[in-house]
Amino acid sequence: DGEGWNTAIGRRTCYALTTGKRSVAVGANALGTGVVTTQGNVAVGYAACRLVKDGVGNISLGYQALNSLDDGHQNVAIGYQAMYTASSDEDYNVAIGHQALYNLDNAGADNNIAIGKQAGDAMGAFVNTDNIFIGRDAGGGTWGSASVGNIGIGYAALVGAMAGANY
């Protein structure tokens with residue numbers, strides 16, 4: 001039934017929208033240059049969900065939250081540059097806090113939860129799934145390979161231990 005039912009407030013919001021529908025964008029470049037067929041997204045903040053093309057049901061609140069996402073689904077990113085680098089098909093992730101899940105960037109990186117300043121911020125381009133990190137810098141450090149099913153709670157929990165770890 002074509003495009004419609006969108007709300008766009010701000011310079012270049014929903015700028016490239018063609019057939020997307022039922023989305024809300026507030027702030028310069030929010031749902032900006034990449035939006036094509038996306039639907040049901042909420043982007044509030046400068047460049048929030050800026051590059052999303054085919055993503056569905058994403059929520060991004062904050063300066064450059066979900067900035068690079070292309071076609072991920074049902075992610076929640078709240079905070080300055082939360083999930084900033086995610087550019088593939090990352091799905092069902094929750095990032096709350098300044099740069100939480102900052103460089104998560106792999107199409108198979110799904111179902112992760114990071115709450116706190118820079119929690120899970122070093123996951124990188126590995127297939128990291130089903131991890132939970134709560135606390136400032138929890139799950140940070142240097143990641144050398146994929147990790148699955150880890151839980152780290154507290155300041156810097158599991159920092160440096162995440163090179164292929166399945167704890």
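Is Tyr84 buried, partly exposed or exposed? Tyr84 is partly exposed, because its relative accessible area is 21% and the partly exposed class lies between buried (under 20%) and exposed (over 50%), taken with a 1.4 Å probe and protein chains only. The model is predicted, so local features need pLDDT of at least 70 and side-chain atom pairs count only at pLDDT 80 or more, while totals for chains, interfaces and linings use all residues. Residues are numbered from 1 along each chain as its sequence is written, and side-chain values use heavy atoms, with hydrogens and water left out.

**Aromatic pairs**

- There are three aromatic pairs, a pair being two rings of Phe, Tyr or Trp (its six-membered ring) with centres within 6.5 Å; planes under 30 degrees apart count as stacked, over 60 as edge-to-face and the rest as tilted.
- Tyr46 and Tyr63 are stacked, because their ring centres are 5.3 Å apart and their planes are at 20°.
- Tyr46 sits in the loop between strand E3 (42–44) and E4, and Tyr63 in the loop between E4 and strand E5 (76–78), so this pair ties together parts 17 residues apart in sequence. Strands (E, at least two residues) are DSSP runs numbered from the N terminus, as are helices (H or I, at least four).
- Both partners are partly exposed: Tyr46 has 37% relative accessibility and Tyr63 has 36%.
- Tyr84 and Tyr102 also stack, since their ring centres are 5.3 Å apart with planes at 5°.
- Tyr84 belongs to the loop between E5 and strand E6 (94–96) and Tyr102 to the loop between E6 and E7, so the pair joins parts that are 18 residues apart in sequence.
- Tyr102 is partly exposed, with a relative accessible area of 25%.
- Tyr46, Tyr63 and Tyr80 are linked into a cluster by ring pairs.

**Charged side chains**

- Arg12 lies over the face of Tyr15, 3.8 Å from the ring centre; a charge sits over a ring if NZ of Lys or CZ of Arg is within 6 Å of the ring centre and within 35 degrees of the ring normal.
- The model has one salt bridge, meaning a side-chain nitrogen of Lys or Arg within 4 Å of a carboxyl oxygen of Asp or Glu.
- The salt bridge joins Arg136 to Asp137, with the closest N and O atoms 3.5 Å apart.
- Arg136 is partly exposed at 44% relative accessibility, whereas Asp137 is buried at 17%.

**Nonpolar surface patch**

- Val44, Ile59, Leu61, Ile78, Ile96, Ile113, Ile115, Ile134, Ile151 and Ile153 form a nonpolar surface patch with about 730 Å² of accessible area together.
- Patches take residues with over 30% relative accessible area and no salt bridge, joining like charges within 9 Å and nonpolar side chains (Val, Leu, Ile, Met, Phe, Trp, Tyr) within 5 Å. Accessible areas come from the Shrake-Rupley method with a 1.4 Å probe; for residues, only the protein chains shown count as cover.
- At least two patch residues come from each of strands E4 (59–61), E7 (113–115) and E9 (151–153).
- Ile115, in strand E7, is partly exposed at 33% relative accessible area.

**Buried residues**

- Asn112 lies in the loop between E6 and E7 and is buried, with a relative accessible area of 0%.
- A polar atom of the Asn112 side chain is 2.8 Å from the backbone oxygen of Asn128.
- Phe133, in strand E8 (residues 132–134), is buried with a relative accessible area of 0%.
- Phe133 and Asn150 are 17 residues apart in sequence, and their C-alpha atoms are 7.9 Å apart.

How values were computed. A polar contact is a pair of N or O atoms within 3.5 Å; within protein, one must be able to donate a hydrogen and the other to accept it, and residues adjacent in sequence count only if both atoms are side-chain atoms.
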